[in-house]
Amino acid sequence: MDAQTSHALYAERRARVAAQLGPGGIALVPTAPERPRNRDSDFPFRFDSYFYYLTGFTEPNAWLVITAEGHTTLFCQPKDPAREIWDGIRLGPQAAPDALGVDAAFAIDELDARMPRLLENRSTVWFPFAIHSGLESRVGGWLSGVRARVRFGALCPENQRDLCGVLDEMRLVKDAHEIGVMKRAAQISARAHIRAMQRSARMIRAGEDVREYHLDAELLHEFRQHGSQFPAYGSIVAAGANACVLHYRADAAPVRDGELVLIDAGCELDGYASDITRTFPAGGRFTGPQRALYDLVLASQEAAVAATKPGNRFNDPHEATVKVLAQGLLDLGLLDRRRLGSAEDVIAQRAYFRFYMHRTGHWLGLDVHDCGSYVEPTELGQGSERQDPLSGETIKDRPSRILRPGMVTTIEPGLYVQAAPDVPEAFWNIGIRIEDDAVVTATGCELITRDVPVDGDEIEALMR
């Protein structure tokens, strides 16, 4: 993306924010802080997603200010040749207006002095609530500076509003640029999964000692090889029974022939996440019970994909998944038909929850669990109450989000079977999840992560 296109993209977003601040409104958006990893060493810096969405600026120690009139001010690190030798070249406030398309820029060490004047005579100050530790008290300090000038005619903002709601709604529907970046991230991640699958089978065929970290290394290599800056989240590489631990992290456990491996991993590219899960036989061939469970999960995903289309609700894919899984668990004998009854009874009692305990998807974007309400905002006043059959809690059901073109969600059903006396032994310690990233289109959805196969026969062929 050239500089002119970049300017227009971020300027349009800032203008949309300004238009929603109301007369006299002003918005404050900090980037993320740098975080120490250990002595004299920080974690790799990752910008705040809201800040990046409005600026495209990736340096730490920066703030953005937007007024309702559309005037934008950036505070950033000043040029400092001595520090830049150690930490890298800084853009600096003098170059920022031309480079980023903001109206004005100042050094970050002027923030506390200038902010009270920027807030003066404003009616409402907007900032992200409950995101940045200490932000509320810092804004309070600046407002105290405004109040100190009331005898000179200054007016202090009387209202404070959460900017997250405005930005969440904007970020929920992706533009063409965002979808393009996410497609490239998905392609990189798909290639990484293929590398890991093939290395697993290759090492096992060679009689080598395979560990989870060997497969994790393939993921990281492929991510960086194609320009990804980071993994989008801690990669899950779970061999055998470890796949029944939902947030297991790649460790040193052996990868054994005859067992399954679950890999949940995706790269982050230019701020945008991908999120793929594949489950495959470590040596390249499914056993009969493994394939039976795998095909059931795949069928449930296909039902969810069919339900992911504009006009449907966010919950529809999950309900489609559960319907298929409930029937399949009865058919395979993991749930006792004589005790539980029909698939409808299994769903009503949530008996499937023992083997499938998470939702079928989440929003995806600048954050891997991206922002955006899962409740339809035009129907907030509606809802009903019910008692959960497992916990006994009273749950408020509100109308779930109506899907619209440009929304991006994951579709990730799974089954996790731990060893238990009432479960057929052939299925013990099998964990399966299949996850793809779906862009809602005008007619349905586009799966942008299918460069890595999901069909069981295709996986076996790939690993040969």
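The largest cavity in this predicted model is lined by Thr 308, Phe 314, Pro 317, His 318, Arg 359, Thr 360, Gly 361, Leu 403, Thr 409, Thr 410 and Ile 411. A cavity here is a set of points, on a 1 Å grid over the protein atoms alone, where a 1.4 Å probe fits but cannot get out, and lining residues have an atom within 4 Å of a point. Because the model is predicted, local features need pLDDT of at least 70 and side-chain atom pairs count only at pLDDT 80 or more, while totals for chains, interfaces and linings use all residues. Residues are numbered from 1 along each chain as its sequence is written, and side-chain values use heavy atoms, with hydrogens and water left out.

**The cavity**

- The volume of the largest cavity is about 90 Å³; a volume is the space filled by probe spheres set on the grid points, which are joined across faces, edges and corners.
- The count comes to one cavity of 30 Å³ or more.
- Helix H11 (315-331) and strand E17 (408-411) each give at least two residues to the lining of the largest cavity; helices (H or I, at least four residues) and strands (E, at least two) are DSSP runs, numbered from the N terminus.
- E17 has the largest share of that lining, with three residues.
- Sorted by class, the lining has four nonpolar, six polar and one charged residues. Here Ala, Val, Leu, Ile, Met, Phe, Trp, Tyr, Cys and Pro count as nonpolar, Asp, Glu, Lys and Arg as charged, and the others, Gly among them, as polar.

**The pockets**

- A pocket is an open set of points with protein on both sides within 12 Å along at least five of seven lines.
- The largest pocket has a volume of about 680 Å³, and of the 23 residues that line it, His 318, Arg 350, Tyr 352, Arg 359 and Arg 386 lie nearest its centre.
- H11 supplies the largest share of this pocket's lining, four residues.
- The lining of the largest pocket has eleven nonpolar, five polar and seven charged residues.
- The second largest pocket holds about 500 Å³ of space. Among its 18 lining residues, Ala 32, Arg 35, Pro 44, Arg 46 and Phe 47 are the closest to its centre.
- In the second largest pocket, the lining divides into ten nonpolar, two polar and six charged residues.

**The nonpolar cores**

- In soluble globular proteins, nonpolar side chains tend to be buried together.
- The largest nonpolar core has 105 residues, and those with the most contacts inside it are Leu 74, Leu 163, Leu 215, Val 261, Ile 263 and Leu 415. Such a core is a set of buried Ala, Val, Leu, Ile, Met, Phe, Trp, Tyr and Cys residues joined through side-chain atoms within 4.5 Å.
- Helix H8 (residues 176-205) gives this core its largest share, 14 residues.
- A second, separate core has 16 residues, including Val 65, Phe 75, Met 115 and Val 139.
- Leaving out residues up to four places away in sequence, Leu 215 touches Ala 196, Arg 199, Ser 200, Val 210, Val 237, Val 255, Val 261, Ile 263 and Phe 280; contact means heavy atoms within 4.5 Å.

- Five of the five residues of strand E4 (residues 63-67) are buried, so E4 is largely enclosed by the rest of the structure. Buried means under 20% relative accessible area, exposed over 50%, and partly exposed in between (1.4 Å probe, protein chains only).
- E4 is covered on both faces, with Trp 63, Val 65 and Thr 67 buried on one side and Leu 64 and Ile 66 on the other.
- Strand E1 (residues 25-30) runs antiparallel to E4 and is joined to it by five bridges; two strands pair if DSSP finds at least two bridges between them.
- Across from Val 65 in E4 stands Leu 28.
- Strand E5 (residues 72-76) also pairs with E4 in the antiparallel sense, over four bridges, and Phe 75 in E5 is the bridge partner of Trp 63.
- Four residues lie between the strands in the hairpin of E4 and E5, where Gly 70 takes a positive phi near 95°.

**Two buried residues**

- Leu 219 lies in helix H9 (residues 212-225) and is buried, with a relative accessible area of 0%.
- Glu 379 sits in the loop between helix H13 (343-349) and strand E15 (384-387) and is buried, with a relative accessible area of 14%.
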